[in-house]
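Visitor: I am new to this structure and would like to learn how to read it. Could you please guide me through its features in turn?

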Amino acid sequence: MINSRLMNAIKPIILILAFLLASCGSREPEPTPTLSPEQIQTQAVETFSALLTQTALAAPTDTPFPTLTASPTFAPFSTSTAGTPFTQPTVAPTSSCYSLRFVRDVTIPDNTPMNPGQTFTKTWRVFNAGTCAWEAGFKFTFTGGNALNGATYTLPSTVPPNTEIDISIAMTAPTTPGTYRSNWRMSTAGGQLFGDEVYVIIVVGNVTTIPTTTTPTSTSAPPTSTPEPTATTP
């Protein structure tokens, strides 16, 4: 009795399984489509393009090399022609190599008395104490005080180092009484002053001369001793 009931319950399940098996077993595999040569070539090209794209994305980005600029061109110092030896360019002397040192007054010492309007010639002796020569064209010019109608003196020739020369300037005393000083100095042809500043001092009219330092002399006579009286014998 039990077996009959069990069989009745299992039958529907067996039928369902049999149906499923029949449907699976009867399905045939789908046929593989046949490709033409053109389609095969197209797929190959697409596959190759896809591989190139993936390779490019995976490769690191190339860093461009820096652009090299042309090196500056230096002009040669001089162009030598055949048979002409190379000459070193001349270096211009600097103002620091020029120097003048005052030696002494040759004429018109300081505080010389002058009449109003008197003409005279002042002469200084100076020394080239620098390492460079004073070139012709250098100027000895007024720099301060009263010019006393003196004109700039231009060197007529070169003065080598360690050389003494006399420089003379024609001057005229003012017409107004007083003490006058005139300052002068050497300069290059371009106007660069250098060396000691020299001067002349004159006294015009009835003006007291500037005193000079002298050793005072005593005008009093030394005291004399009076002899004591000699005692006499009574």
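Guide: Let us begin with a term. A residue is called buried when its relative accessible area is under 20%, and exposed when that area is over 50%; partly exposed residues fall in between. Please keep in mind that the model is predicted.

Visitor: What share of the residues in the protein chain is buried?

Guide: Of the 234 residues in the protein chain, buried residues account for 20%. The accessible surface of the protein chain amounts to about 18100 Å². Carbon and sulfur atoms contribute 60% of that surface.

Visitor: How many helices and strands does the protein chain have, and what pattern do they follow?

Guide: There are two helices and eight strands in the protein chain. Along the sequence, the pattern reads α-α-β-β-β-β-β-β-β-β.

Visitor: How should I read the contacts between residues that are apart in sequence?

Guide: Consider the contacts in the protein chain between residues at least 6 apart in sequence. Of these contacts, 67% join residues at least 24 apart.

Visitor: Let us turn to the sheet. How do strands of a sheet pair?

Guide: Strands of a sheet pair through backbone hydrogen bonds, and the pairing may be parallel or antiparallel. In this structure, an open sheet of three strands shows antiparallel pairing in the order 1-3-6. Its edge strands are strand 1 and strand 6, each of which pairs on one side only. From one strand to the next, the twist averages 35°.

Visitor: Over how many bridges do strand 3 and strand 6 pair?

Guide: Strand 3 and strand 6 pair over nine bridges, in the antiparallel sense. Opposite Phe-127 stands Glu-164, a residue of strand 6.

Visitor: How many salt bridges does the structure hold, and which side chains meet in them?

Guide: The structure holds two salt bridges. In one of them, the side chain of Lys-122 meets that of Asp-105, with 2.8 Å from N to O. This pair links distant parts of the chain, since Lys-122 lies in strand 3 and Asp-105 in strand 1, 17 residues apart. A further salt bridge brings together the side chains of Arg-125 and Asp-166, at 2.7 Å from N to O. Arg-125 belongs to strand 3 and Asp-166 to strand 6 (residues 164-172), so this pair ties together parts that are 41 residues apart in sequence.

Visitor: Is Lys-122 buried or exposed? And why does Asp-105 count as partly exposed?

Guide: Lys-122 has a relative accessible area of 0%, so Lys-122 is buried. Asp-105 counts as partly exposed because its relative accessibility is 25%. As for the other pair, Arg-125 counts as partly exposed at 22% relative accessibility, and Asp-166 is partly exposed with a relative accessible area of 36%.

Visitor: There is one more feature to discuss. What is a disulfide?

Guide: A disulfide is a covalent bond between the sulfur atoms of two cysteines. The structure holds one disulfide. That disulfide joins Cys-97 to Cys-132, with 2.0 Å from S to S. The link of Cys-97 and Cys-132 is left-handed, with -115° about the S-S bond.

Visitor: Where do Cys-97 and Cys-132 lie in the chain?

Guide: Cys-97 lies in the loop between helix 2 (37-58) and strand 1 (100-105). Cys-132 lies in the loop between strand 3 (119-128) and strand 4 (139-145). The pair, 35 residues apart, links distant parts of the chain. Cys-97 and Cys-132 are both buried.

Terms used:
Residues numbered from 1 in each chain as written. Predicted model: local features only at pLDDT ≥ 70, side-chain atom pairs only at ≥ 80, totals over all residues. Heavy atoms only, no water. Helix = DSSP H or I, 4+ residues; strand = E, 2+ residues; numbered from the N terminus. Buried < 20%, exposed > 50% of the residue type's maximum accessible area, 1.4 Å probe, protein only. Contact = heavy atoms within 4.5 Å. Areas by Shrake-Rupley, 256 points an atom, 1.4 Å probe, with all protein chains shown as cover. Disulfide = S-S within 2.5 Å. Salt bridge = Lys/Arg side-chain N within 4 Å of Asp/Glu carboxyl O. Pairing = 2+ DSSP bridges. Axes fitted to C-alpha atoms, helices over the stretch in contact; angles between N-to-C directions.
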